[in-house]
Amino acid sequence: MKIQHALLDIHLTEDDAAVALRTDVRAGLAGEDKQLPPKWFYDARGSELFEKITQLPEYYPTRTERGLLIEHAADIAAASGARTLVELGSGSSEKTRHLLDALTGLRAYVPVDVSESALRQAGEGLLAAHPELAVHALVADFQTGLALPDTPGPRLVAFLGGTIGNLLPDERAAFLRTVRALLSPGDMLLLGTDLVKDEETLLAAYDDAQGVTAAFNKNVLTVIDRELGADFDPARFDHVAVWDAEREWIEMRLRARQALTAKIPVLDLLVSFEAGEELRTEVSAKFRREGVQRELAAAGLGLRHWWTDAGDRFALSLSGPAED
């Protein structure tokens, strides 16, 4: 199906992504404290693996957030009165469909994602279900600055999936300030946050019995091998998930089974690991209501509504520009 009534703006090209990957790999692997940002999990294979993760019995966030959206979509619509929905990191836009059905006054949808193919596919499906909707998709990285198209207000900016937990505290603060700068009076931010809970439940969600998360974690090495001509062997690493009780976040790591050296010819870089040395690939922070409210306030946002499931596992919050 050809997309009708839709615009696609490309602010992030394949060349931009290639430069970003090289920069992140050099910065993250050249030193002793090895780490990579989690966005490099998501090539086609990584996206497929993550979709499988969301269906695992141990992985509660996706289905819990979906349930909250279904239960409270009408409340969100009534509180926001949104005529434009902006979704950051929209992917397939699957969960957003519940909001689109509830936002009866909606005139425009602005999905933002780094994947052009995901945006095109989602746009086709959305327009089939909502032919009256203007879709203005942006291929962009929301962490590197964002300019929104001129669409009717009020606007509801949605950042779902608990993805904000993948940002380190300084990155979260910068992100929330960026979002606040995008909001006019009457606009709102809908935020999905995974909540602090018992360690057993958290670790199971990031280290499932079937090994899907392990394959997903190791896929970042496959991406580096393919894109940068490196010779990492994922089989020489173990997947590790650790709960940091002090910082209240999960860390996913890759642990070298033995001493090894990998070559990255494009960067003229040798990366050495001692036996047992670890590479951090993801941080996934968990939140408490008071912490979310504090971080929002620091960015100039006031918490207006807070919804959780019966088990207090996940939260949706609605905030807007703080009142003077």
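How close do the axes of helix H2 and H8 come, and at what angle do they cross? In this predicted model, in which local features need pLDDT of at least 70, side-chain atom pairs count only at pLDDT 80 or more, and totals for chains, interfaces and linings use all residues, the axes of helix H2 (residues 44-53) and H8 come within 9 Å and cross at roughly 155°. Residues are numbered from 1 along each chain as its sequence is written, and side-chain values use heavy atoms, with hydrogens and water left out. Axes are lines fitted to C-alpha atoms, for helices over the stretch in contact, with angles running from 0 to 180 degrees between N-to-C directions; helices (H or I, at least four residues) and strands (E, at least two) are DSSP runs numbered from the N terminus.

H2 and H8 are therefore roughly antiparallel to each other, given that angles under 35 degrees count as roughly parallel, over 145 as roughly antiparallel, 65 to 115 as roughly perpendicular and the rest as oblique. Their crossing is left-handed, a term used where the near helix is turned anticlockwise from the far one by less than a right angle, clockwise being right-handed. In the contact (heavy atoms within 4.5 Å), Arg45, Gly46, Leu49, Phe50, Lys52 and Ile53 of H2 meet Val212, Thr213, Ala215, Phe216 and Asn219 of H8. These residues comprise six nonpolar, three polar and two charged, where Ala, Val, Leu, Ile, Met, Phe, Trp, Tyr, Cys and Pro count as nonpolar, Asp, Glu, Lys and Arg as charged, and the others, Gly among them, as polar.

Helix H8 (residues 212-228) also packs with helix H1 (residues 14-29), their axes coming within 11 Å and crossing at roughly 120°; H1 and H8 are therefore oblique to each other. This crossing is left-handed, and the contact is made by Leu21, Arg22 and Val25 of H1 together with Ile224, Glu227 and Leu228 of H8. Four of the residues in the contact of H1 with H8 are nonpolar, none is polar and two are charged.

The structure holds one cavity of 30 Å³ or more. On a 1 Å grid over the protein atoms alone, a cavity is a set of points where a 1.4 Å probe fits but cannot get out, whereas a pocket is an open set with protein on both sides within 12 Å along at least five of seven lines, and lining residues have an atom within 4 Å of a point. Grid points are joined across faces, edges and corners, and a volume is the space filled by probe spheres set on the points.

Glu248 is placed in the loop between strand E7 (237-244) and strand E8 (249-256), and its phi is near 55°, a positive value in a residue other than glycine.
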